[in-house]
Amino acid sequence: MKRPTIADLAQASGVSIATVNRILGGTGAVRAETIERVQNAAEEIGFYGRGVIEDRRQRLLPNYRFGFLLQQSSRELYRLFGSKITEAAARRQHEKVVAVVDFVDVLEPQNIADRLEALGKRCDAVAVIAGDHPLIGQTIQSLKERGKPVVAYITDQSARDRAGFVGTDNWKLGRTAAWFLAQTTPMPGRIAVFIGNHRYQCQDVSDASFRSYMREHARHLQVDDSRPTHEEPQEAYRIVSQLLSELDDLRGIFIVGGGISGVLRALREAPVEKRDKVRVVCRDIGPETRKGLTEGLIMAALCHPLDQISDELIATMIAALEHRDSTTILQRVVPFETITPESV
């Protein structure tokens, strides 16, 4: 077959021969959308200069440097969040996104605010997972005033100057957790709720909606006051071990925050006759949760779909930059996944 010519490519892509020559020669201004159209046509007809066209397209892509302030580098779940964010940045086809993933191990509000400030200095926009606190809100305001939008990730912030929120519907999540426990626990008894920190809006809302459902539909179950674990597995282990040793009517555990590895450790050490009476529902899935599901220790994990939500986060940060002068707070709510032992 005759090798496609520049004229053939121009005709296939609906542009002039001069435009194709400018793209191939790297001279003159050509819109990115036009280059992409010519590139697609080149692929279709088998044009010889596809590599040159792709190189020109890549050089014209907008470049972004985005910062992501996550928590607790020691936790596998947050490391998984970070790796999924990096993958989402690499998937962008119409922009070049460099993902700067940072972790905060000391969860004091002032330390988080300082680290957020430092990351904002190096990046075009920042996403943050953190408890809601005025010190963090002040930093969000300061960064906005300098044209650096901040997007709350997983858990929202009350700061009016945040650019957006990307997460799941935590009201529905809490009520879904309650539905699982109520439907599988016909006998009267007590339900323990573990929360990492009430300043995490995602946890506080889930806790409230969990109780709302139980009041409406499961009056035979007594929901105890929330027990803070401060996201520490050892503290969760201590509390569950104590509950299992002292109570005969513990029927369920809802883990709103961290500490799942400690909960599972306590359950594994408990007598089978006590362990089998307790139903466990938790949030999100890392290696420890996956193992607990396969062992039958966890009834359900209500999870952020990490590929989808990471893509939404990058897209929201780009939109926040494009509309940085707007007062609109971008809300991206991604449906959570329900994972059971049979779906692992």
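## Around Val 30

Setting aside residues up to four places away in sequence, Val 30 touches Thr 19, Arg 22, Ile 23, Ile 35, Arg 56 and Leu 60. This is a predicted model, so keep that in mind as you read on. Val 30 sits in the loop between helix H2 (17-25) and helix H3 (32-45). Buried or exposed, then, for Val 30? Val 30 counts as buried, because its relative accessibility is 10%.

Val 30 and Arg 57 are 27 residues apart in sequence, and their C-alpha atoms are 9.6 Å apart in space.

## The whole chain

Zooming out, the protein chain has 14 helices and 13 strands. Its C-alpha atoms fill a box of roughly 80 × 50 × 35 Å along the principal axes. The chain runs to 344 residues, and 52% of them count as buried.

What about contacts across the sequence? Take the contacts in the protein chain with a separation of 6 or more: residues 24 or more positions apart account for 72% of them.

Helix H6 (residues 109-122) has 14 residues. From first C-alpha to last, H6 reaches 20 Å, close to the 20 Å expected at 1.5 Å a residue. Which residues of H6 are buried? They are Ile 112, Ala 113, Leu 116, Leu 119 and Gly 120. As for what covers the buried residues of H6, the list includes strand S1 (63-71), strand S2 (96-104), strand S3 (125-128) and helix H7 (134-145).

The buried residues of H14 include Leu 306, Ile 309, Ser 310, Leu 313 and Ile 314. The run from Thr 316 through Met 317, Ile 318, Ala 319 and Ala 320 to Leu 321 is buried as well.

## Salt bridges

Side chains of opposite charge can pair when their charged atoms come close. The structure holds 20 salt bridges. One of them joins Asp 224 and Arg 190, at 3.0 Å from N to O. Asp 224 lies in the loop between strand S7 (221-223) and strand S8 (227-228), while Arg 190 belongs to strand S6 (residues 189-195), so the pair ties together parts that are 34 residues apart in sequence.

Asp 248 is exposed, as its relative accessible area is 60%. Glu 33 pairs with Arg 31 in another salt bridge, where the closest N and O atoms are 3.7 Å apart. Arg 31 counts as exposed, at 58% relative accessibility. There is a network too: salt bridges link Lys 84, Glu 87 and Asp 307.

## Aromatic rings

The structure holds 6 aromatic pairs. In one, the rings of Tyr 78 and Phe 81 have centres 5.7 Å apart and planes at 85 degrees, so the pair is edge-to-face. Both residues lie in helix H5 (residues 76-91), 3 residues apart, or about one turn of the helix. Tyr 78 and Phe 81 are both buried. Another edge-to-face pair is Trp 179 with Phe 180, at 5.3 Å centre to centre and 80 degrees between the planes. Here Trp 179 counts as partly exposed at 41% relative accessibility, but Phe 180 counts as buried at 14%. Tyr 78 and Phe 81 also form one aromatic cluster with Tyr 153.

Arg 3 lies over the face of Tyr 48, 4.5 Å from the ring centre. Arg 265 does likewise over the face of Tyr 237, at 3.6 Å from the ring centre.

Conventions:
Residues are numbered from 1 along each chain as its sequence is written. This is a predicted model: local features need pLDDT of at least 70, side-chain atom pairs count only at pLDDT 80 or more; totals for chains, interfaces and linings use all residues. Side-chain values use heavy atoms; hydrogens and water are left out. A salt bridge is a side-chain nitrogen of Lys or Arg within 4 Å of a carboxyl oxygen of Asp or Glu. Buried means under 20% relative accessible area, exposed over 50%, partly exposed in between (1.4 Å probe, protein chains only). Helices (H or I, at least four residues) and strands (E, at least two) are DSSP runs, numbered from the N terminus. Rings of Phe, Tyr and Trp (its six-membered ring) pair if their centres lie within 6.5 Å; planes under 30 degrees apart count as stacked, over 60 as edge-to-face and the rest as tilted. A charge sits over a ring if NZ of Lys or CZ of Arg is within 6 Å of the ring centre and within 35 degrees of the ring normal. The expected span of a helix is 1.5 Å times one less than its number of residues. Contact means heavy atoms within 4.5 Å.
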